[in-house]
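This is a walk through a structure for someone who has not seen it before.

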Amino acid sequence: MVKKEYYPIFIDLSNFRVLVIGGGKVGTKRALAFKKYGANVCVISLDFSQDLLNSDIRLIKEDANKIDGSIIEKYDIILTCTNNFELNEKLCNIAKNLRKLCNNPTNPENSNFIVPIFYSDNDMEIAITTKGKSSIVAKEILSKTISIANSPEMRNLLSAMYDVKTLLKKKVADPSVRYSFYHKIYNDEKFKYYATNGLIEKALHRAEEIINDQ
């Protein structure tokens with residue numbers, strides 16, 4: 001079997017039409033998550049979880065076996081979440097043939113995109129996938145990564161580097177020169193000491209020194 005390579009990407013789901021087939025545990029989790037991030041979500045199933053019934057997601061009571069290309073083509077992203085392995089694969093194949101994005105939780109190899117384990121806050125988003133090998137391991141990797149990302153030193157450095165980017169845009173017109181300065185400043189020991197310790201004003205002063213010395 002040919003090993004698939006997936007390109008990681010973060011997507012603004014606004015105005016995307018998402019079809020979730022199956023109203024059970026997995027379908028509910030996927031539908032609520034995509035809805036939270038702005039997608040126009042519809043769930044087709046004969047039965048729906050209480051969480052879906054309590055939501056404002058569009059629900060269509062229909063046998064998933066009756067879904068065909070004429071229905072799937074109306075959506076941009078499809079998630080096949082029934083408890084029928086063969087049906088999920090069949091519907092995902094139809095979606096892919098229509099050049100749609102499809103995720104089949106019961107068979108990752110049948111999917112053309114992965115729904116990763118992820119973390120999100122106002123400053124960063126982190127996504128991890130083991131390509132279907134183990135969601136438990138993926139969660140542990142994510143947990144350890146979040147621990148590093150949420151350290152005061154890393155948060156201070158992130159804040160300082162954002163200010164540096166803003167400063168460079170004001171002072172340096174050439175993007176290629178800005179890129180060079182950005183890395184030079186980041187790797188400067190004095191700057192990094194000030195930045196990681198939350199001494200942002202001193203860090204920016206050091207950044208300006210580096211820019212002015214060139």
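In this predicted model, the largest pocket has a volume of about 1,500 Å³. Its lining is made of 40 residues, and those closest to the pocket centre are I114, V115, P116, I117 and F118. Five elements are listed as giving two or more residues to this lining: α1 (25-36), β5 (101-103), β6 (117-120), β7 (125-128) and α5 (135-149). The largest share comes from α1, with five residues. Sorted by class, the lining holds 24 nonpolar, nine polar and seven charged residues.

At least two residues of the lining come from α1, and at least two from β2 (40-45). By class, this second lining has seven nonpolar, ten polar and four charged residues.

Next come the nonpolar cores. The largest of them has 16 residues, and the members that touch the most others are L168, I185 and F191. At least two residues of this core are supplied by each of α6 (152-171), α7 (175-186), α8 (189-196) and α9 (200-213). The largest share, six residues, belongs to α6. Leaving aside residues up to four places away in sequence, F191 is in contact with L157, A160, M161, V164, I185, Y186, A203, R206 and A207. Another core lies apart from this one; it has 15 residues, including V20, A31, I77 and C81.

Methods: Residues are numbered from 1 along each chain as its sequence is written. This is a predicted model: local features need pLDDT of at least 70, side-chain atom pairs count only at pLDDT 80 or more; totals for chains, interfaces and linings use all residues. Side-chain values use heavy atoms; hydrogens and water are left out. On a 1 Å grid over the protein atoms alone, a cavity is a set of points where a 1.4 Å probe fits but cannot get out, and a pocket is an open set with protein on both sides within 12 Å along at least five of seven lines; lining residues have an atom within 4 Å of a point. Grid points are joined across faces, edges and corners, and a volume is the space filled by probe spheres set on the points. Helices (H or I, at least four residues) and strands (E, at least two) are DSSP runs, numbered from the N terminus. Ala, Val, Leu, Ile, Met, Phe, Trp, Tyr, Cys and Pro count as nonpolar, Asp, Glu, Lys and Arg as charged, and the others, Gly among them, as polar. A nonpolar core is a set of buried Ala, Val, Leu, Ile, Met, Phe, Trp, Tyr and Cys residues joined through side-chain atoms within 4.5 Å. Buried means under 20% relative accessible area, exposed over 50%, partly exposed in between (1.4 Å probe, protein chains only). Contact means heavy atoms within 4.5 Å.
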